[in-house]
Amino acid sequence: MLRPLKRRLLPGILALCLLSLLTGCTRSASPALTPAARIITVGFSQVGAESDWRNANTRSMTEALSEENGYRLILSDAQNKQERQITAIRNFIQMGVDYIVLAPTNETGWDTVLTEARAAGIPVIVVDRMIEVADDSLYTCWVGSDFRKEGRNAVRFMEGLNAQDGLRIVHLQGNLGSSAQIGRTAALDEGLAAHDSWQLVYRGAGDFTQAKGQEIVNDLLDAGLDFNVIYSENDNMAFGAIAALKAHGLVPGVDVTIISFDAGRRALEMTLAGEISFDMECNPLHGPRVDNIIRQLEEGIQPPKLTFVSETSFDATITREVLEQRPY
Ligand code: AHR
């Protein structure tokens, strides 16, 4: 069970002591007596629901920032639109929330609205993707993944592939301008620059969705493009790509090597089945991390400005036991 929020709890305990003195009653505190004033209000601006990863992330946040943990969470789904996130943040400021948590669509474009949040004295915690602002004091701290490092791990795996006539790579990108896309693309570009035998035969944005991944690969196959590797910047696009390959009578993992990111359970089933050859974990379980950050801030402790979560990768060596342990 998670620790209660000390600073918020103290006035409540004092109030209950006073109440028992006044009424002569000595019963212990019960959750029903919890004064509403102790609840911490958090406005969470979420990117959307584009992927399994995103849904696992939303679940993690709602579970950790729950009422029983002392929170009132206001969740706003931006449907992948930065304008909606900016509006949501302005609404949170109007409401006077205690904290704003931002899972940003894009890296840039946050300076104005975060200046407004700072002027209102509301701490902003950034999760998952990074933001690029002129003044770092516009956000309190960030926790998320090192996307370029994830990409470099995938590239290292590709370097071990045994392809006689080189790699002909289809690159499915995530939402352009998100740091998940920027980092993973940059790592592939490094790989391409370092290997003459690697050829980029197609690059396009699949927006992290299964439908777009499927549509792109389907069109490429219909057009007769020759490729032997798909570097998919997330699992859902890989699911779509796999469906398209199968619909064209190709065997994923045999005719085409699939490289993916996220490593959710559904994808790891495909890794175990040999359809995905390498899946780089991107950890979505930020809820407890954000809870921990807020508790530190409540106690006057400044958390580290940047926290990179540690992540692992999966390939043909994966076992059923490892898969069963995946929480998402
Ligand atoms: O920012 C994390 C990325 O966003 C995940 O890799 C992707 O699945 C999600 O939509």
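1. Let's start with one contact in this predicted model. A polar atom in the side chain of Asn234 lies 2.9 Å from an oxygen atom of the ligand. On its own the ligand would expose 280 Å², and the protein buries 100% of that area.

2. In Glu50, a side-chain N or O atom is 2.4 Å from a ligand oxygen. For Arg129, the distance between a side-chain N or O atom and an oxygen of the ligand is 2.8 Å.

3. Now look at the residues around the ligand. Besides Glu50, Arg129 and Asn234, the surroundings include Ser51, Trp53, Arg54, Asp128, Ala180, Arg184, Phe208 and Asp262. Sorted by class, this shell holds six charged, three nonpolar and two polar residues.

4. Which helices each supply at least two residues of that shell? They are helix H2, spanning 52-64, and helix H6, spanning 179-194.

5. Next, where does the ligand sit? Its place is the largest cavity. The whole structure has two cavities of 30 Å³ or more, and the largest holds about 90 Å³ of space. Among the 13 residues lining the largest cavity, Trp53, Arg54, Arg129, Phe208 and Asp262 are closest to its centre.

6. H2 and H6 each give at least two residues to the lining of the largest cavity. By class, that lining has six charged, five nonpolar and two polar residues.

Technical notes
Residues numbered from 1 in each chain as written. Predicted model: local features only at pLDDT ≥ 70, side-chain atom pairs only at ≥ 80, totals over all residues. Heavy atoms only, no water. Near = heavy atom within 4 Å. Polar contact = N/O pair within 3.5 Å; in protein donor to acceptor, adjacent residues only side chain to side chain. Areas by Shrake-Rupley, 256 points an atom, 1.4 Å probe, with all protein chains shown as cover. 1 Å grid on protein atoms, 1.4 Å probe; cavity = no way out; pocket = protein on both sides within 12 Å on 5 of 7 lines; lining within 4 Å. Sits in = over half its atoms within 2 Å of the grid points. Helix = DSSP H or I, 4+ residues; strand = E, 2+ residues; numbered from the N terminus. Nonpolar A, V, L, I, M, F, W, Y, C, P; charged D, E, K, R; others polar. Points joined across faces, edges and corners; volume = space filled by probe spheres on them.
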